[in-house]
Amino acid sequence: MKDFNYLMPTKIFFGKDCIEKNADVFANFGKKAIILTGKNSAKKNGSQNDVVLALEKNNIQYCVFDDIEENPSVYTVAKAAEMAISQKADFVIGIGGGSPMDSAKAVAFLAANNKGIDFLFEKGDAKHLPVIEIPTTAGTGSEVTQYAVLTVPEKKTKAGIAKRTFADIAFIDVKYFEKLPIKVTRNTAVDALTHLIEAYLCTESSFMSDILAEKGMDLFKECKNALLSGDINTEIREKLVLASTLAGMAIAQSQTSLPHSMGYYLTYFKNLPHGAANAQFMKAYMDFVTERDKVDKILCILDFKATTDLDLFFRKLVDRANYTDEEMNYYTDEIMKIPTKLATVSRDITREDIYTLFKLSKN
Ligand SMILES: [Fe+2]
């Protein structure tokens, strides 16, 4: 067996009303919080109100930055960090999907060090404010990963920041997911499935990440029909949330691979939702990797006969994007500049290989 390290220090509170039931936890992190969230969903699904009540119960002051957009830009994060610094926030609370949760980790670093956004992309550990994450979509798994992905307009793509930290606490309450539109439910569920598959096939996969990925795929299989029909009951939501959390824990040990790197371009240039963008490349990627036993195991757990069937499933659930030859060449050149991502695949990769993966994945 391969050597491995295992670290997942986030304390998870899972269950209905878990914030209200564990409100005293917030008192451990200071006297002033900054809440990062998007414009609407955290207000509509009740999560923001539950957090505010918990803070008030503990006499913790708070400020709210609710301008986190989808695929947040580094400049948005810098603005939020300015607020955290000027308000002297002791800790950061991210509420929402991957965008606010990833932003919370980035703000935690910027505020603690009073630095500009370049600091986020400099390697090396650094102090940071404590982070509490409350997911309200089931896909990103950011509440249990050390990663934060931000849009970098200068690079015309999304990029993971070099500064990494896990959240101290994650509150996962399925009631916040109940009213998610079916389109968001599907796109985020597909993101979670791509995490499970990429974590499983990645060169950095380990005994531990494989266990997490296999159980996550097992749960996901039980949600396939509901995702197709759109009839998502509470039990299915719970399974999707847990599959997403297990997927996050799996990529925290391993990491994502080529479909995520390739998908970032379709999200940036074509506005294709993140999960859908990864899914577009999954068949070509699974056919390309050398871990054939593991590909077979994935198909077996998910109950698909072949990668073609998985691809068909994705096509029924989420949109795809088209791109030109010129765009393919540009995307390929950019990906070839990221050796760490190429190293997630256990075979030598040429420029021609990446180009072919793009070509095979066109509509
Ligand atoms: Fe993802």
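## Two domains, side by side

In this predicted model, the centres of domain 1 and domain 2 are 25 Å apart when taken over C-alpha atoms. The domain assignment places domain 1 at residues 11-177 and domain 2 at residues 182-360. Where they meet, 19 residues of domain 1 are in contact with 24 residues of domain 2. On the domain 1 side, the touching residues divide into 5 nonpolar, 11 polar and 3 charged.

## The protein as a whole

Let's step back and look at the overall build. The protein has 17 helices and 8 strands, and its C-alpha trace spans about 55 × 45 × 40 Å along the principal axes. A compact globule of 363 residues would have a radius of gyration near 21 Å, and the protein's value of 20 Å agrees with that.

Buried residues account for 49% of the 363 residues. Now consider contacts between residues at least 6 apart in sequence: 80% of them join residues at least 24 apart.

In soluble globular proteins, nonpolar side chains tend to be buried together. Here, the largest nonpolar core has 104 residues. Both domain 1 (11-177) and domain 2 (182-360) give residues to this core, so it lies between them. The residues with the most contacts inside the core include Leu36, Val92, Val107 and Ala250.

Leaving out residues up to four places away in sequence, Alanine 250 touches His195, Leu196, Ala199, Ser209, Leu212, Ala213 and Gly216. Leu196 from that list is also among the residues with the most contacts inside the core.

Is valine 107 buried or exposed? Valine 107 counts as buried because it has 33 C-beta neighbours inside 10 Å, and 20 or more is enough for that label. Valine 107 lies in helix H5 (residues 98-113). Not counting residues up to four places away in sequence, its contacts are Leu36, Val77, Ala80, Ala81, Ala84 and Val92. Glycine 94 is 13 residues from valine 107 along the chain, and their C-alpha atoms are 9.9 Å apart.

Next, look at helix H7 (residues 207-221) and helix H13 (residues 292-302), whose axes come within 8 Å and cross at roughly 35°. Which residues meet there? From H7 come Glu214, Met217, Asp218, Phe220 and Lys221, and they meet Ile298, Ile301 and Leu302 in H13. The residues of this contact divide into 5 nonpolar, no polar and 3 charged.

## Positive phi in two loops

Finally, here are two backbone details to look for. Asparagine 59 is not a glycine, yet it has a positive phi of about 55°. Asparagine 59 is in the loop between helix H3 (47-57) and strand E3 (61-65), and it counts as exposed, with 8 C-beta neighbours inside 10 Å.

Lysine 88 also has a positive phi, near 55°, in a residue other than glycine. Lysine 88 is placed in the loop between H4 and strand E4 (91-96). With 13 other C-beta atoms within 10 Å, lysine 88 is partly exposed.

Note on methods
Residues are numbered from 1 along each chain as its sequence is written. This is a predicted model: local features need pLDDT of at least 70, side-chain atom pairs count only at pLDDT 80 or more; totals for chains, interfaces and linings use all residues. Helices (H or I, at least four residues) and strands (E, at least two) are DSSP runs, numbered from the N terminus. A residue is buried if 20 or more other C-beta atoms lie within 10 Å of its own, exposed if 12 or fewer, and partly exposed in between; C-beta atoms are placed from the backbone. Two residues are in contact if their C-beta atoms, placed from the backbone, lie within 7 Å. The radius of gyration is taken over C-alpha atoms; the globule rule is 2.2 Å times the number of residues to the power 0.38. Domain bounds come from an automatic or database domain assignment. Ala, Val, Leu, Ile, Met, Phe, Trp, Tyr, Cys and Pro count as nonpolar, Asp, Glu, Lys and Arg as charged, and the others, Gly among them, as polar. A nonpolar core is a set of buried Ala, Val, Leu, Ile, Met, Phe, Trp, Tyr and Cys residues joined through C-beta atoms within 7 Å. Axes are lines fitted to C-alpha atoms, for helices over the stretch in contact, and angles run from 0 to 180 degrees between N-to-C directions.
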